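Please open the structure in your viewer and keep the selection panel at hand.

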Amino acid sequence: MHTYHNPIHAQHAGQKEMYRGHLVPCHEVPDRVDHVLAELRRRPLGPLLTPADPDEAQLACIHTPRYLDFLAHAWDEWVALDTAHAHQDALPSVWPTRGFRSDVLPANFAARMGLFSYDAGTPLTAGTWAAARAGAACAQHAARTVAGGERAAFALSRPPGHHAGPDFFGGYCFLNNAALAAQTLLEQGAARVAVLDVDYHHGNGTQTIFYQRADVLTVSLHGDPHTEYPFFLGYADERGEADGLGCNLNLPLPRGTDFTLWSAALEHALTAVTRFGAQGLVVSLGVDTFEGDPISGFRLQSSDYLRLGERLRHAGLPTVFVFEGGYAVAEVGLNAVNVLAGFES
Ligand code: OKP
Ligand code: ZN
């Protein structure tokens, strides 16, 4: 399996996220990807490659031009407000909720931070734009490799992507890497593609991007949003709309879910993928379903990730794995590579 990894991911290194009224150290740290890369070097599965530039036209097909333009200039605008900001992340603190306007683009920087985001846990840093773009390129190149005939490929990057929507960041995500991979498979000839999101958290960004489209089935297994982040999307009654009606499937599961219950939901998910007639599969591969994850509530064990990989192989589709969450840093390499090794076995 070819892996595209992001050589500049560490340029995105947030300091603090807002939690219960305090700024606490970020969970989404550069070490995460370094551990996965180290594990891939210990247990090689194929070539480790770095991507060329991202496909800009495709970025503008998944994200809105005004959002991309905001991200491209956000850091410079932040530092222009106060030179002391050069050493301090930007976090949003005001948002347009129901009844407010989102068509107007305010001149005020804090207002635009809020317009294009939905939480205060996702710091924007000096290297965020560069790192996110290089990650997008990893996803695009991995998908092209699969479209070119490889059975599977892995896009290993951070920041993650599945919470990023057409015009918003949040949940540690800025550009939706899985959506870009899916779009690439379509552009390279697949008629229908499925995105299977196995991260602990609902992939609200991916769902929103494809919600009205019939060419992408989005399926997510995740902690029940009644109690789990992102709270405001990810319920079972969200089935897609307009042309996309029937092309979204949410499988929320309670805190404490173990692999037995989780695998039953996976079977349900894969049945939907088969019924949809997907010609390619993108897996949003978060391993924050691990029992030791510090911010999540499922109970998967390291060996369960081997079983997951084996099961995904039996789905029989060209598959692009896109790295998402997983915050038990010491185990994240073992768990993520177990999925890939299980797939290859
Ligand atoms: C990103 B991904 C924990 C707060 C949780 C956001 C979680 C984002 C998860 N103190 N905040 O899906 O792994
Ligand atoms: Zn997650």
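A pocket, as the word is used here, is an open set of grid points where a 1.4 Å probe fits, with protein on both sides within 12 Å along at least five of seven lines. The model on display is predicted.

**First stop: the ligand site.** Select ligand 1; the space that it takes is the largest pocket. Next, display the residues that surround ligand 1: Tyr19, His162, His163, Gly171, Tyr172, Asp199, His201, Tyr229, Asp288, Gly325 and Tyr327. By class, this shell around ligand 1 comprises 4 nonpolar, 5 polar and 2 charged residues.

**Second stop: polar contacts.** Which side chain has a polar atom 2.6 Å from an oxygen atom of ligand 1? Select His163 to find that atom. Proceed to Asp199, where a polar side-chain atom is 3.0 Å from an oxygen atom of the ligand. Then select His201, whose side chain places a polar atom 3.1 Å from an oxygen atom of ligand 1. Of the 410 Å² that ligand 1 exposes when taken alone, the protein buries 88%.

How many disulfides does a search of the whole structure find? The search returns 0. Cys26 counts as buried because its relative accessibility is 13%, below the 20% cut-off. Finally, select Cys247, which is in no disulfide; its nearest cysteine sulfur belongs to Cys61 and is 17 Å away. Cys247 likewise counts as buried, with a relative accessibility of 9%.

Methods. Residues are numbered from 1 along each chain as its sequence is written. Chains are lettered from A and ligands numbered from 1 in the order in which they are written. This is a predicted model: local features need pLDDT of at least 70, side-chain atom pairs count only at pLDDT 80 or more; totals for chains, interfaces and linings use all residues. Side-chain values use heavy atoms; hydrogens and water are left out. A residue is near a molecule or strand if one of its heavy atoms lies within 4 Å of it. A polar contact is a pair of N or O atoms within 3.5 Å; within protein, one must be able to donate a hydrogen and the other to accept it, and residues adjacent in sequence count only if both atoms are side-chain atoms. Accessible areas come from the Shrake-Rupley method with a 1.4 Å probe; for residues, only the protein chains shown count as cover. On a 1 Å grid over the protein atoms alone, a cavity is a set of points where a 1.4 Å probe fits but cannot get out, and a pocket is an open set with protein on both sides within 12 Å along at least five of seven lines; lining residues have an atom within 4 Å of a point. A molecule sits in a cavity or pocket if more than half of its atoms lie within 2 Å of its grid points. Ala, Val, Leu, Ile, Met, Phe, Trp, Tyr, Cys and Pro count as nonpolar, Asp, Glu, Lys and Arg as charged, and the others, Gly among them, as polar. A disulfide is a pair of cysteine sulfur atoms within 2.5 Å. Buried means under 20% relative accessible area, exposed over 50%, partly exposed in between (1.4 Å probe, protein chains only).
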